[in-house]
Amino acid sequence: MQIITQPRAHPARPGSLGRSLATLAGSLLGPRGCLFTFHRAVPGADWADMPNRGFHLDLDFLDRLLTHLRATGWAVVTLDEALRRATAPESGRYANFSVDDCYRDTVEAVVPLFRRHGMPVTLFLTTGIPDGTLPLWGAGLEDVLRVRDGVTLPEGPLALPSPEAKRAAYARLAAAWDGPQAGEHYRAFCRRNGVDEEAMHWRHAITWEMLDALADDPLVEIGGHTVSHARIAALDPEAAHAELAGCRERIGTRLGREARHFAFPYGRGADCGPRDFALARRAGFASAATTRKGLVRRGQDAWSLPRNTLNGSHRSLAAAEAHLTGATAAAARILGRV
């Protein structure tokens, strides 16, 4: 990785706004932690053509962000260390990055990038992915739309002449399918379009063998993200506990290591609450993370951690600084999007 430095006074220099905000925030906001999360990542050259590109980080941007954090005095730490710092009198500024779900690109692209920076990353694993029991309908739909000029739907052929048309098709179909019947919609789509659903799954899924290779890596934490990517608040207590404890037990049995931390799928205010935080604790996790925006301050409750989602479409250091300063959390509270 090549780091290019330029004179500080240049007004058009990429990243200068981000560094200016970082300097100001560092002096005003004091010690704090910022937990980031994302799902997938692709090389910058491929990002523009992804039909669901907001779901994918541009790896070039992630590389710049990690370089920026080091340059502006942020320590990138494990979640274990973030929790320790949340109880420390002088914790400094620290960030944690977590990858939810875990796909093949987590191992092939994301972990190698963090290793090059010598920084840790936390993986929140949905165990149904390597077990092959969770339909990866979003990944499969996107893959088909990206590589084809057209697909067949129940109402007839749909032409896909451009990246814009592919993005519109993905948005429409994903919205129509989302819910308990998504897997059935996807299965019918695969049959109609001659897609091998099983082969497509393993084209995108992380495997237990890949995870085995990471099990002893000091830069990789592996935590739980349920068995089936369930919305925990929508389940009765017994089913919710089964998703939490079953995930933790499966990771422990298969990898021979304890899954200490948990992240809620659909982690906003309506998706998990006090009952669910208590269930995560009862299941044996040392922490539970949401997707409610915010910063970690001293005394933060470990079972309702805020995390800031990195949307793939926001590829500027200034956007990342809005998370690091707590500005996005303040805006979310004002707008009622918690």
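**Salt bridges, confidence and a helix pair**

Author: There are 19 salt bridges in the structure. Bear in mind that this is a predicted model.

Reader: Give me one. What does Arg-85 form a salt bridge with?

Author: Its partner is Glu-81. The closest N and O atoms are 2.9 Å apart.

Reader: And how far apart are Arg-85 and Glu-81 in helix α4?

Author: They are 4 residues apart in α4, which spans residues 79-85, so about one helical turn separates them.

Reader: Switching to confidence. What pLDDT does the protein average?

Author: The average is 91. Of the residues, 92% score at least 70.

Reader: Where is the pLDDT below 50?

Author: Over residues 1-14. Beyond near neighbours in sequence, that stretch has 12 contacts in the model.

Reader: OK, helix packing. At what angle do α12 and α13 pack?

Author: About 45 degrees, with the axes 9 Å apart. Helix α12 covers residues 237-255, and helix α13 covers residues 274-282. That angle makes α12 oblique to α13.

Reader: Is the crossing left-handed or right-handed?

Author: Right-handed, as α12 passes α13.

Reader: Which residues meet there?

Author: From α12, Pro-237, Ala-240, His-241 and Leu-244. They meet Arg-275, Leu-279, Ala-280 and Arg-282 of α13.

Reader: How many nonpolar, polar and charged residues does that contact have?

Author: The contact of α12 with α13 has 5 nonpolar residues, 1 polar and 2 charged.

Key
Residues numbered from 1 in each chain as written. Predicted model: local features only at pLDDT ≥ 70, side-chain atom pairs only at ≥ 80, totals over all residues. Heavy atoms only, no water. Axes fitted to C-alpha atoms, helices over the stretch in contact; angles between N-to-C directions. Helix = DSSP H or I, 4+ residues; strand = E, 2+ residues; numbered from the N terminus. Parallel < 35°, antiparallel > 145°, perpendicular 65-115°, else oblique. Left-handed = near helix turned anticlockwise from the far one by under 90°. Contact = heavy atoms within 4.5 Å. Nonpolar A, V, L, I, M, F, W, Y, C, P; charged D, E, K, R; others polar. pLDDT = per-residue confidence, 0-100. Salt bridge = Lys/Arg side-chain N within 4 Å of Asp/Glu carboxyl O.
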